[in-house]
Amino acid sequence: MAESEMRAALFDRYGPPSVLYEAKVPIPRHTSKEIRVRVHATTVNGGELAARAGGLRLLMGRRFPKAIGMDFVGEVVDVGSSVTDVRNGEFVCGVLPRSTELVGRRGSAAEYVTVEPKRVTRKPRNLTSAETASILGGGTTSITALRDVAHLRPGERLLVRGASGGVGSMAVQIGKAFGAHVTGLAGKANLDFVRDLGADEVFDYRTTQPGQLERFDVVLDTVGSDHAAYRRLLTPTGRMVAIAFDTSHVVRSIGYLLTSTVHGSRRVRFFSGNPQRELFTELVRLAEDGEVRPVVDTVHQLSDIAAAHAALEAGGVRGKHVIEVTPDPR
């Protein structure tokens, strides 16, 4: 492979996991305001499954090939001339911006990424690259959802749907760190796992109907279906935060979420995170203080990214499927 090339995961059409492949592409150039990072690890996220399958084609368009991957952990190898707060050799973690013009053009499932310094912070001292990658997307999403959107307060009752997944496993821990009483919904095989994360109560989502549950001050939905049923579980001042929608009924699902944000006392908040340094720094603090711990389901190689996507689609995940891109030197 030429020195100007790198390995990256791409896809040439929308479809099943098998459309993903590893290819050689030019190493991205950084501007004077950016840094270049050699990626050690990234993860597979639920939104990427929908993007690859074509659920977001109205946003992503039909220009191929497309890159994939959002979060990353790695070592800074080049620093722009205007950058003063990041140095070569630093180990950092971050997330690529979710700007429309970059969707599908840049991805962190690659040996190098370029990014503005505000999109990274230092890697936690007590975690490996794979462990750090496993907390990034779910951790920053959970902090935003619970602290900034739902304004979760100590003593309030929190319900986490999809409590064993990448976001849910972080939300259970962060909810406890914020002083909430946490109830988790997950598959039967993962109930003890969710309880071990700190949940006060756990229920099998397959055998527990929404009407069998108590009222909650905050509902965090990571699943994307049956929003109306879980919205009815809110107290009169309750807040529901949805970070997913039903990709099999996109228009209807998004329509309900948009309507629910402006009508009724128990409103649904929907957001798509675009985290920056403050969020990463808070997550690193929680990790180094032991208030959240990483949850790695499986570590895959970049060449096996199709298998990683297939594994996440199969369900039953505990935490994150991590992609090792280059060896972690520490």
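In this predicted model, Lys66 sits over the face of Phe64, at 5.2 Å from the ring centre. Phe64 has a relative accessibility of 28% and therefore counts as partly exposed. The residue also belongs to an aromatic cluster, in which ring pairs link Phe11, Tyr14 and Phe64.

A search of the whole structure gives three aromatic pairs. One of them joins Phe11 and Tyr14: the ring centres are 6.2 Å apart and the planes lie at 50°, so this pair is tilted. Another joins Tyr14 and Phe64. Here the centres are 5.1 Å apart and the planes stand at 70°, so the geometry is edge-to-face. An angle over 60 degrees is what the edge-to-face class requires. Tyr14 takes part in both of these pairs.

The Tyr14 and Phe64 pair spans separate parts of the chain. Tyr14 lies in the loop between strand S1 (5–11) and strand S2 (20–26). Phe64 lies in the loop between helix H2 (57–60) and strand S4 (66–67). The pair therefore ties together parts that are 50 residues apart in sequence.

Phe11 and Tyr14 are both buried. For Tyr14 the relative accessibility is 10%, so the residue counts as buried. Phe64, at 28%, is partly exposed.

Three strands make up an open sheet in the order S2-S1-S4, and their pairing is antiparallel. S2 and S4 are the edge strands, each pairing on one side only. Between S1 and S2 the antiparallel pairing runs over seven bridges. Within this pairing, Ala8 has Ala23 in S2 as its bridge partner.

A helix contact was examined next. A pair of packed helices is described by the angle between the axes and by the distance between them. Helix H1 covers residues 46–53 and helix H9 covers residues 305–314. Their axes come within 10 Å and cross at roughly 110°. H1 and H9 are therefore roughly perpendicular to each other. On the H1 side, the contact involves Gly46, Glu48, Leu49 and Arg52. These residues meet His309, Leu312 and Glu313 in H9.

Terms used. Residues numbered from 1 in each chain as written. Predicted model: local features only at pLDDT ≥ 70, side-chain atom pairs only at ≥ 80, totals over all residues. Heavy atoms only, no water. Phe/Tyr/Trp six-rings, centres within 6.5 Å; stacked < 30°, edge-to-face > 60°. Buried < 20%, exposed > 50% of the residue type's maximum accessible area, 1.4 Å probe, protein only. Helix = DSSP H or I, 4+ residues; strand = E, 2+ residues; numbered from the N terminus. Lys NZ or Arg CZ within 6 Å of the ring centre and 35° of its normal. Pairing = 2+ DSSP bridges. Axes fitted to C-alpha atoms, helices over the stretch in contact; angles between N-to-C directions. Parallel < 35°, antiparallel > 145°, perpendicular 65-115°, else oblique. Contact = heavy atoms within 4.5 Å.
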